[in-house]
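This report covers a protein model with attention to strands, chain contacts and charged pairs. The sequence and structure come before the description.

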Protein chains: 2
Amino acid sequence: MTKTKKRGGRSPEAKLEELKLRLREINDLGAAGALLSWDQQTYMPDGGADARGRQRAMLGRLSHERSVDAALGKLIDDLAPYADGLPYDSDDASLVRIARRDFEKAIKVPPEFVARSSALGSASYDAWTRAKPDNDFARLVPFLEKTIALSREYAGYFAPYQDIADPLIDDADPGMTTASIRTLFADLRGELVPIVHAVAAQATIDDSCLHGSFAEPRQIEFDLSVVEQIGYDRRRGRLDKTHHPFCTKFSIGDVRITTRVDETDVSQALFTTVHETGHALYEQGVSAALEGTPLGWGTSSGVHESQSRLWENVVGRSRGFWVNFFPALKKVFPDQLDSVPLETFYRAINKVERSLIRTEADELTYNLHIMLRCDLELQMLAGSLAVKDLPDAWRARMQADLGLEPPDDRNGCLQDVHWYSGLIGGAFQSYTIGNILSAQFHAAAIDAHPDIPREIERGRFATLHGWLEDRIYRHGRKYEPNELIARTTGGPLSMRPYLAYLRGKYGELYRLPPPHPHQKASQKTS
Amino acid sequence: MTKTKKRGGRSPEAKLEELKLRLREINDLGAAGALLSWDQQTYMPDGGADARGRQRAMLGRLSHERSVDAALGKLIDDLAPYADGLPYDSDDASLVRIARRDFEKAIKVPPEFVARSSALGSASYDAWTRAKPDNDFARLVPFLEKTIALSREYAGYFAPYQDIADPLIDDADPGMTTASIRTLFADLRGELVPIVHAVAAQATIDDSCLHGSFAEPRQIEFDLSVVEQIGYDRRRGRLDKTHHPFCTKFSIGDVRITTRVDETDVSQALFTTVHETGHALYEQGVSAALEGTPLGWGTSSGVHESQSRLWENVVGRSRGFWVNFFPALKKVFPDQLDSVPLETFYRAINKVERSLIRTEADELTYNLHIMLRCDLELQMLAGSLAVKDLPDAWRARMQADLGLEPPDDRNGCLQDVHWYSGLIGGAFQSYTIGNILSAQFHAAAIDAHPDIPREIERGRFATLHGWLEDRIYRHGRKYEPNELIARTTGGPLSMRPYLAYLRGKYGELYRLPPPHPHQKASQKTS
């Protein structure tokens, strides 16, 4: 970063080359940091933690210094006329466009804020890990109050905005706003709560076939065979175990997933692995031409989540998926599953059960957990909910939406780490956006290729995978979510396919009253 | 690295603080690079190789830029008077002294040379991987000629010197010179060749008890139990499998080793693991106060190798070591070893066999392989041996020293990667220096604590480990090898303890004529 030779007379191509070099260095510092993090969660011995924290912070600082370098901004400015002359969706025009967006966001936040926020995040996380087992919300109130103040300060750097949470949401889901999400979620909640209540009134599904003794190595071997058949390229990835499963990318040739195995429940590692594979298919599918640039990643948290949910739920928990895979699973665990009919297994993996804990929630109730968090954090950010009143607000909303009340805050507002990590707002909405999009993208794929469900019953995933790769994955960050949704589905983000999917699937599973006629057309998506 | 505030008026303490910050960043960039390399050799999928190479090069470049930053040199200069006022062996005086040595070496080499050397290294390595299976030395001649020219150019940056190889040797073993090594090795060879020939005249040892079927997981579990008992701290380390075993350090709290398992030979992984543990004990033993500084590492390749060889050979292949561990090994592999007497096992792991391949050589003949390489590379560097004549020179020397002649160059001068990696000279001597020092340090430890051999028979390693930690490990790079040897043994580097050790051990094993009286005193070292 100490190049000082005169830039004035250089060609746009030479400047573009320098831009790519600078961006690649930022990208690669991030990738190195990601490996340090992956290793910390997989294989690092305990003794390595202190130095590892220091080394990750160092890489983060070097990357940030480069991201806000004035010379980078100058290059981007210089290249504007050149990029304007290229087709909008060309690699180079897109690169300059996205680099500008990233740069303009990055320079708005003062380095000292980044340091303060990071320090609060560490202290708050540390306090949370100790306060949660003690069920001691009071101890976290000062941290949460500081976190809200800091989150508001962060948003302030991006003023003017319509809503204080807009800049936070835009970081995860560019182009989405508080207003649009609030409306969307209110509508969705209005539709979902009655379905959940109707399901709760029916007899519980028996999922005892999922429980028993399932040896870890055989689970992992089977799960790997499933995700490989779906399309996960193991020459460009690998599976390891971690406490919190995730997907991480060091390059287009190295996209790793992790899982967590419960030897008493065959479905836990399985669906976790398929979920992370959805993320991994997205990252493995980005065009090689975008490798090492800021375009070489999934475009947003919500679109990313749409892929994990599409593969985990819409596909992975479908009847057709198990028409293909259940015989193979029976071969791996004959003693446990030989006498289990496919239909029993299919019903078990789609059991709906209202519960207190988000991460244990089923597909149907999951969104109620998310929307509760989104609404409460928006209220706290807006100042209409005081931190000290959070536990009460949480209980009231759980009662309203799920008819349950947590016995303590450990099972309520202390359960997730997100709010205790130094910044609040912008993290949760992506999960439900992802659920909504999973069905919308899937429906579009089926519209284009109606044979997909029958192919899946025969273990063939190439048509669906190919369509997603062509329409979504390969573009990386070239298109913002709303652009991508319009290009891919021909319309804006819509919850209709998602509701049709849920009504169709759970209507049948729980013998609910039939859906309205206009939703019938999409029932083939289930 | 963009600090620009005025430095003139700052206190030495403030400057020292900045020096430590700068050096820590260099250290941590190196540690991050080391993790990228470890991962590449353990778990990285094949698809990650291209980007990984790019990312490692980037970290190397950032580290190098910082190592030659003029501001770093200025800081070191400014701190000279302050450091001169501190005790020579204080942490801070040592830090300034070693930082100066590193800086002055680093700035002598132009960045464009580093790039050229690295490019030649890649091309040459690539050519070697393809030429070796084809036994095609001719194809490598141009690479080797360029490598010698480049190595001479490298040495030239450090002129004046007495011998062209001095700067190359000094990089690995500071303070050692071509002249001193040439004399030492000539003397050692003069003593060793007759011993090897005398051993070869005796009946071969039967090592069939080492061969059979030894399941990998049980080997690894046993090997880990051995190195943990020796003193390897697994909370600050771990063991993985790689094609080429190594030890690597990311911080004082994370020192990892790797091994290679042969399920048909119980001794391969075992002694490889103990060897790497020797390196790891050194790195785990460096004082925590030196963490993240250039002092926080072993002082030289030769001293490092002395620790791997001390633990692998002098201790690990001693009779007393197996008095303790053999019963445990029998429990792990009862079918294979229950009927094997300790003495049979002890003889088997010390079998001497003249062979063509260095990495398969036993303790006694190993040095002849090394000295052959050192002499030939010195001749090539001096211009007295033409590259095209290398295969003949190799064969002649093998015949003279080991009485063997390689059937082809694959088993001759193509076997090792070292010469085909872009730089020649300075790599091989450390192995034999390490062997010599392993016995010299061990003898000094026994002089101080004569009970060590009996403790080891009872599985107690704390006295030996503690002595090495106190006298060698904790000092890191504070003392150059010759200083350290003098402080630790009271004299200069000497091959006498090593020869006494070899004569004592192999004299008994092969019933050779008894050693001269003056060597008897050190026989307890075996």
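## Basis

This is a predicted model, in which local features need pLDDT of at least 70 and side-chain atom pairs count only at pLDDT 80 or more, while totals for chains, interfaces and linings use all residues. Residues are numbered from 1 along each chain as its sequence is written, chains are lettered from A and ligands numbered from 1 in the order in which they are written, and side-chain values use heavy atoms, with hydrogens and water left out.

## Interface of chain B and chain A

Chain B and chain A each give 39 residues to the contact (heavy atoms within 4.5 Å). About 2,800 Å² is buried between them, 55% of it from carbon and sulfur atoms; buried area is the accessible area (1.4 Å probe) that two parts lose on being put together, summed over both. On the side of chain B, the residues that lose the most area to chain A are B:Tyr43, B:Pro45 and B:Arg54, together 19% of what that side buries.

There are 20 residue pairs in polar contact across this interface, both residues at pLDDT 80 or more. A polar contact is a pair of N or O atoms within 3.5 Å; within protein, one must be able to donate a hydrogen and the other to accept it, and residues adjacent in sequence count only if both atoms are side-chain atoms. Helix 1 (12-42) of chain B gives the largest share of the side that touches chain A, eleven residues. That side holds 14 nonpolar, eight polar and 17 charged residues, where Ala, Val, Leu, Ile, Met, Phe, Trp, Tyr, Cys and Pro count as nonpolar, Asp, Glu, Lys and Arg as charged, and the others, Gly among them, as polar.

## Strands

Helices (H or I, at least four residues) and strands (E, at least two) are DSSP runs, numbered from the N terminus, and two strands pair if DSSP finds at least two bridges between them. In chain B, strand 2 and strand 3 pair in the antiparallel sense over four bridges and form a hairpin with two residues between them. B:Lys249 has B:Val255 as its bridge partner in strand 3. Strand 1 (residues 239-241) of chain B pairs with strand 3 in the parallel sense over three bridges, with B:Lys241 opposite B:Thr259.

Six of the six residues of strand 3 of chain B are buried, so this strand is largely enclosed by the rest of the structure. Buried means under 20% relative accessible area, exposed over 50%, and partly exposed in between (1.4 Å probe, protein chains only). In chain A, four of the five residues of strand 2 (residues 247-251) are buried, and A:Cys247 stands opposite A:Ile257 in strand 3 of chain A.

## Salt bridges

Over all chains the count is 106 salt bridges, each a side-chain nitrogen of Lys or Arg within 4 Å of a carboxyl oxygen of Asp or Glu. Ten are between chain B and chain A. One of them joins B:Arg256 and A:Asp39 (2.7 Å, N to O). The side chains of A:Arg54 and B:Asp28 also meet in a salt bridge (2.8 Å, N to O); A:Arg54 lies in helix 2 of chain A and B:Asp28 in helix 1 of chain B, so the pair joins two chains. B:Asp28 is buried, at 2% relative accessible area.

Within chain B, B:Glu283 and B:Lys249 form a salt bridge with the closest N and O atoms 2.8 Å apart. This pair links helix 10 (residues 266-285) to strand 2 of chain B, 34 residues apart, and both residues are buried.
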